[in-house]
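Open the model in your viewer and keep the selection panel at hand. The tour goes from the symmetry to the protein interface, then to the DNA.

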2 protein chains.
Amino acid sequence: MRQAHHPEVGEITLTGVMAALSDPIRVGLVRVLADGRERGWGELQAPVAKSTLSHHLRVLRDAGLTRTRQEGTRCFVVLRRHDLQDRFPGLLRAVLDAAEDDDIGHQVSVKDAPRPT
Amino acid sequence: MRQAHHPEVGEITLTGVMAALSDPIRVGLVRVLADGRERGWGELQAPVAKSTLSHHLRVLRDAGLTRTRQEGTRCFVVLRRHDLQDRFPGLLRAVLDAAEDDDIGHQVSVKDAPRPT
DNA sequence: TTCGATGTTCGTGAAACATCGAACAAGCTA
DNA sequence: TAGCTTGTTCGATGTTTCACGAACATCGAA
């Protein structure tokens with residue numbers, strides 16, 4: 001559980017972001033985080049093994065989409081909305097709208113607040 | 001050289017588009033086509049073998065980003081701007097702006113009109 | 001019909017990716 | 001200290017992607 005690397009705003013690449021968002025589960029994670037609230041790892045529900053979830057969260061982090069904070073043995077994750085807006089204005093908005101329309105990533109939800117139908 | 005398949009507007013998926021745009025060469029192709037003009041296969045210049053270029057154009061076509069028309073032995077390709085705007089409003093604009101800023105896909109150009117520095 | 005131009009497809013590797021379970025590390029807590 | 005919780009890392013596996021050259025198909029022109 002060593003310190004994870006986060007790219008600087010300027011280091012975030014378009015193709016990196018696109019690649020990160022080419023998987024429904026990761027899109028779902030981004031959607032869940034879209035309200036800007038920080039979430040604990042454990043709150044996130046996705047139909048994959050925990051090692052796989054860890055992998056996806058790492059991909060998002062490496063691409064610069066999310067920021068991870070560690071507190072004791074827990075991890076918290078938050079969407080880098082401002083950074084993304086600075087870097088690629090309008091992109092996140094467009095992606096989230098599109099994902100919303102098609103309900104992409106619906107497999108992912110937050111505990112205590114199951115995605116409403 | 002059989003008839004290629006093009007997805008309907010409604011069949012275009014977000015993740016498909018994202019995946020298609022996660023490669024710099026394909027982003028470059030989209031940029032080159034961004035002005036809405038139809039281009040001949042042969043006009044497109046990219047630093048890859050022709051079979052590879054064919055592959056990339058196929059990925060773009062399958063993802064619903066471009067439309068291919070055949071005329072005799074020639075092929076022409078055009079960006080499906082309207083369809084994309086209908087399906088994912090603002091997405092293409094945001095991606096093109098971002099790509100422009102970082103000059104992603106600069107390896108790709110059009111014959112007779114080398115990408116200006 | 002033969003040739004040249006233009007794309008597609010095939011066969012093939014190398015690399016990347018998604019996924020899992022198992023093993024591990026690190027920090028609480030009893 | 002021992003055990004639990006939480007998340008990471010490892011190794012294996014199967015799939016997909018990117019890349020190339022070679023072979024093929026198709027059409028127009030000589």
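Start with chains A and B. Superpose chain A on chain B: a rotation of 180 degrees does it, with 0.0 Å of shift along its axis and an RMSD of 0.1 Å. Now select A:Met18: in chain A, its C-alpha is the one nearest the axis, 2.5 Å from it. The same surface serves both copies, as 100% of the contact residues of chain A recur in chain B.

A word on provenance. This is a predicted model; local features need pLDDT of at least 70, side-chain atom pairs count only at pLDDT 80 or more, and totals for chains, interfaces and linings use all residues. Residues are numbered from 1 along each chain as its sequence is written, while chains are lettered from A and ligands numbered from 1 in the order in which they are written.

Next, select the interface. Here 21 residues of chain A are in contact with 21 residues of chain B (C-beta atoms, placed from the backbone, within 7 Å). Show H5(A), residues 91-102. H5(A) gives the most to the side of chain A that touches chain B, eight residues.

Last, select DNA strand C. Around it are 24 residues; A:Ser51, A:Thr52, A:Gly72, B:Trp41 and B:Ser51 come nearest. A residue counts as near if its C-beta atom, placed from the backbone, lies within 6 Å of the strand.

Notes
Copies are superposed by least squares on the C-alpha atoms of residues with pLDDT of at least 70 in both. Two residues are in contact if their C-beta atoms, placed from the backbone, lie within 7 Å. Helices (H or I, at least four residues) and strands (E, at least two) are DSSP runs, numbered from the N terminus.
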